[in-house]
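Please consult the sequence and the structure while working through each solution.

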Amino acid sequence: MSDTEQHSVQADLVAVLVAVTGGQPRILTTRSGLALPAGPFTSNHRSLQASLRAWVETQTHHPLGFVEQLYTFADRDRSQELGMRAISISYLALTRELDEAGQTQPGWQDWYRYFPWEDWRDGMPAVVQEKIGPALHDWSESASDSVARSARWQRASMTFGLDGHEWNEELVLQRYELLFEAGFVAESWRDGAPAPVAQLLPGMAMSNDHRRILATGMARLRAKIKYRPVVFELMPEEFSLLQLQQAVEALAGRCLHKQNFRRLIEQQALVEETGQMTAAGAGRPAKLFRFQRNVMLERAIAGNKLPLARGH
């Protein structure tokens, strides 16, 4: 390989842009949901994050709140396609789905469309119990010896909350990697071998390594909401405590204990009443609150905890 070939690298910026709309976690996609927003990095950008902010704000018409770099991924599929090394520099960013007029913008998808096994708000999803559990059991039994079989099943049961193990909502990437290794996602079969359709699990595949990047972003955000009040970046200017709870539940994929959650919010003193009420609808009007950003800034040095309350 020549020096030129060795140093031929294409770097793309890939954004995991998250919003919560109507109590559902949403991500911005392109190509009819097959890809995350991405574009080549060019040297005239002042910084990666500055260019990402400007690009996203142009696309969504909303200022970005929290922005954080995830990882740099070496994309094997893209490298083969381009004939050079392709890397993806990924970012997690929080924004709003609706534009200034309250209209939905194109390209937004529910992130559980890609990871249906990650939504435990109503308990263990049927896909885990009926498809993933049996599929991983068969995969474990197909190992070459008893030690490997035992190791496979232990990993599978701990990762997916099977056999009495507790579900850990932060293990999004580990679960995807396990399903990838076992050949249960379409991305496992891109090297020319035909995918055994009967073996594939529900969940929309994405191009290149974008579903892996999305899994990384979901895991990072699920961890982040436990100790930083980033969820407020996803809320409108005024919101009810129920809307706030539903936003956290949407991201975590877990139900929260209502009284414990409200007690936690009150203890943190991060919200204040606006004096307004929600419009009368199906239920009783509820008090509206706003985020006290100045309180968060004052406490920034000491650190702010917003742990995820456990469900029933």
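The model is predicted, so local features require pLDDT of at least 70 and side-chain atom pairs count only at pLDDT 80 or more, whereas totals for chains, interfaces and linings use all residues. Residues are numbered from 1 along each chain as its sequence is written, and side-chain values use heavy atoms, with hydrogens and water left out.

**Exercise 1. The chain as a whole**

Task: State how many helices and strands the chain has, and what percentage of its residues is buried.

Solution. Step 1: Helices (H or I, at least four residues) and strands (E, at least two) are taken as DSSP runs, numbered from the N terminus. The chain has ten helices and eight strands.
Step 1: Buried means under 20% relative accessible area, exposed over 50%, and partly exposed in between (1.4 Å probe, protein chains only). Of the 312 residues in the chain, 47% are buried.
Step 2: A contact requires heavy atoms within 4.5 Å. Among contacts between residues at least 6 apart in sequence, 64% join residues at least 24 apart.

**Exercise 2. Helix α5**

Task: Determine which residues of α5 are buried and where they lie around the helix axis.

Solution. Step 1: Helix α5 spans residues 146-160, and its 15 residues reach 21 Å from the first C-alpha to the last, close to the 21 Å expected at 1.5 Å a residue. The expected span is 1.5 Å times one less than the number of residues.
Step 1: A156, S157, T159 and F160 are the buried residues of α5. Viewed down the axis, they fall within an arc of 165°, so they line one face of the helix. The arc is that of the directions from the helix axis to the C-beta atoms.
Step 2: The cover over these residues includes α4 (126-141) and α6 (172-182).
Step 3: At the start of α5, a side-chain oxygen of D145 comes to within 3.0 Å of the backbone nitrogen of V147. After the helix comes G161, with a positive phi near 70°.

**Exercise 3. Helix α6**

Task: Identify the buried residues of α6 and elements that cover them.

Solution. Step 1: The buried residues are V172, R175, Y176, L178, L179 and A182. They cover an arc of only 160° around the axis, which puts them on the same side of α6.
Step 1: Their cover includes α4, α5 and α7 (210-224).
Step 2: G183 follows α6 and has a positive phi, near 85°.

**Exercise 4. Salt bridges**

Task: Locate the partners of the salt bridges formed by E169, E177 and E273.

Solution. Step 1: A salt bridge is a side-chain nitrogen of Lys or Arg within 4 Å of a carboxyl oxygen of Asp or Glu. The whole structure contains 14 salt bridges.
Step 1: E169 pairs with K226, their closest N and O atoms being 2.6 Å apart. E169 lies in the loop between α5 and α6 and K226 in the loop between α7 and α8 (241-252), 57 residues apart. E169 is buried at 0% relative accessible area, and K226 is buried at 18%.
Step 2: E177 in helix α6 and R212 in helix α7 are 35 residues apart, and their side chains form a salt bridge of 2.8 Å, N to O. E177 is partly exposed at 27% relative accessibility, while R212 is buried at 17%.
Step 3: E273 pairs with K287 at 3.4 Å between the closest N and O atoms. E273 belongs to strand β7 (residues 271-277) and K287 to strand β8 (residues 287-291), so the pair ties together parts 14 residues apart in sequence.
Step 4: Salt bridges with shared partners join E169, E170, K226 and R254 into one network.

Technical notes. A polar contact is a pair of N or O atoms within 3.5 Å; within protein, one must be able to donate a hydrogen and the other to accept it, and residues adjacent in sequence count only if both atoms are side-chain atoms.
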